[in-house]
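Below are some short notes to read beside the model. Please keep the sequence open while going through them.

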Amino acid sequence: MKDNKNISNPEIVLQIMDLHKSFGDNHVLNGFNMKLYKGENLVIMGKSGSGKSVMIKCLVGLMQADSGLISVMGKDITTLTQEALDILRADIGFLFQGSALYDSMTVRENLEFPLRRHSKKKHKDSNTEALVLEALTNVGLAHAIDLMPSELSGGMKRRVALARTLILQPKIILYDEPTSGLDPITAKEIIILMQDVQKKYNTSSLIITHDVDCARVISDRMLLLIDGIDYAVGTYTALSTSEDPKIKAFFKH
Amino acid sequence: MSGNSKIKNRLHVFLIELGDLSFFTSRFFKEVFKHPFEFKELFRQCYNMGNRSLLLVGITCFIIGLVLDLQTRPTLMEFGAVSWMPSMVSISIVREIGPIITALVCAGRIGSGIGAELGSMRVTEQIDAMEVSGTNPFKYLVVTRVLAVTLMLPLLVIIGDAISLFGSFLVENLKGNVSFTLYFNQVFDSIEFGDIIPATIKSFFFGLAIGIVGCYKGYYCTKGTEGVGKAANSAVVVSSLLLFIIDFIAVFVTDIFYDL
């Protein structure tokens, strides 16, 4: 069990209250609640189709919730203008499940892309080249700067995507299944990288994963999303020793 | 489901699609005048669409010019009117065949390309990634592509017309010993601004239709790789159909002006 010193910090950077989202008759989220504290790693687990990705997309405004409050660093994103939302998004990094690298651009251009919109606000004194190199060095891929995404392996793509997420130095990082589709060794490397990033930039992280090992290593707290609600919240140890059959099902190997 | 309700259902889907397409088009016109302007991406798209379609348009139009001349020649010879060949070919190419053939080739080449590219970006979450990074993907991806195809199509039509006429000249030269100067003197004597201007204006609308439909189908693509294929396919089908509708309206409007 890892040291949970960050949880003692009471500042909430991200909060969801009573979130509802339906697709026709399919009620995906039925009053979901969660809080993410500053510097914390919160892992969300749930079955496939339980609404984890829908929830995380509502969080960044990619999807409109039916009702509920979504507060990011004290701002209710459901009431923000597009301009204000775009500015706020600079503080939220999003690592997509499939990396989502722009495949018509080189690695360098992929990393430069977010800077086009936010560089003046966030990096007044830095030049783009230095920022790109620093971000790539952080993930150990400085040598791949001029490669195309099609020339990268799955693990390298995930690292480049993480570098692209880091380039704006976000305060919150959302990881959508960061280790899915990777072999165990590469998955472990990505987990170590996530820990390094958290230490270096003191980010708060929301991690959606099916990977119990990943959850065990990286989580300060865990939340189980079952039947569209926050069914259980607690540390890995507390949840993995629970007698509740619905919770136990997640930790069976 | 009864036949009646099937028709109702299809009509309902068609009207919703039409509404969405209209909304998409109005969004394009709103965004096109807003900052920031993506000039670099616009030039890149112009180069991609213009330069890379040139060979296909050139070959197609060259063959059309050859075939048109070869097919029409015997009939005109029968009436002893073979000297009218340059006039007939030039007017039919400039007014109608050049723009519509070039537009159809571009609907296949560019429309399907846009549909497949944006569709694949949608299903692999690249468009979502752009949005999350605070960039307006509609502005970056859609506005630049629609503008590029709208600007490039009239240029391709002009080049295609010239190549078609050259194809026709080759047949005339080989079969009728007509010189380059004589052929093109007759061509330019026959063509008026009243032929060129409406054809150029409708080419802009052809480009706009190809761009809007291709982007719309790709941008709202769903259902994974199957959806990407459908987006590319329906981009070609719908834009080709739209081209003929626009062509009919353009000819109809031009005809009214000729009558005035």
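1. Phe205(B) counts as buried because it has 20 C-beta neighbours inside 10 Å. The cut-offs are these: a residue is buried with 20 or more other C-beta atoms within 10 Å of its own, exposed with 12 or fewer, and partly exposed in between, the C-beta atoms being placed from the backbone. Phe205(B) sits in helix H7 (residues 193-219) of chain B. The C-alpha atom of Phe205(B) is 9.2 Å from that of Leu153(B), although 52 residues separate the two along the chain.

2. This is a predicted model, in which local features need pLDDT of at least 70 and side-chain atom pairs count only at pLDDT 80 or more, while totals for chains, interfaces and linings use all residues. Residues are numbered from 1 along each chain as its sequence is written, and chains are lettered from A and ligands numbered from 1 in the order in which they are written.

3. For chain B, an unreviewed UniProt entry lists residues 49-68, 146-171, 196-216 and 236-258 under "transmembrane region". UniProt positions follow the numbering used here, feature names are shortened, and annotations may be inferred rather than shown by experiment. In the model, residues 49-68 of chain B are 100% helix, with end C-alpha atoms 27 Å apart. Residues 196-216 of chain B are also 100% helix, and their end C-alpha atoms lie 30 Å apart. Helices (H or I, at least four residues) and strands (E, at least two) are DSSP runs, numbered from the N terminus.

4. Which residues touch the most other members of the largest nonpolar core? They are Ala163(A), Ile167(A), Leu174(A), Val146(B), Ala209(B) and Ile210(B), out of 133 residues. A nonpolar core is a set of buried Ala, Val, Leu, Ile, Met, Phe, Trp, Tyr and Cys residues joined through C-beta atoms within 7 Å. Leaving aside residues up to four places away in sequence, Val146(B) touches Phe28(B), Leu208(B), Gly211(B), Ile212(B) and Cys215(B); contact requires C-beta atoms, placed from the backbone, within 7 Å.

5. Chain A has an open sheet of four strands in the order S2-S1-S4-S5, with antiparallel pairing. Its edge strands, each pairing on one side only, are S2 (26-37) and S5 (75-76) of chain A. Two strands pair if DSSP finds at least two bridges between them. Strand S4 (residues 67-72) of chain A meets S5(A) over two bridges, and Ser71(A) has Asp76(A) as its bridge partner in S5(A).

6. The contact between the chains takes 15 residues from chain A and 10 residues from chain B. On the side of chain A that touches chain B, the largest share, five residues, comes from H3(A).

Technical notes: Contact = placed C-beta atoms within 7 Å.
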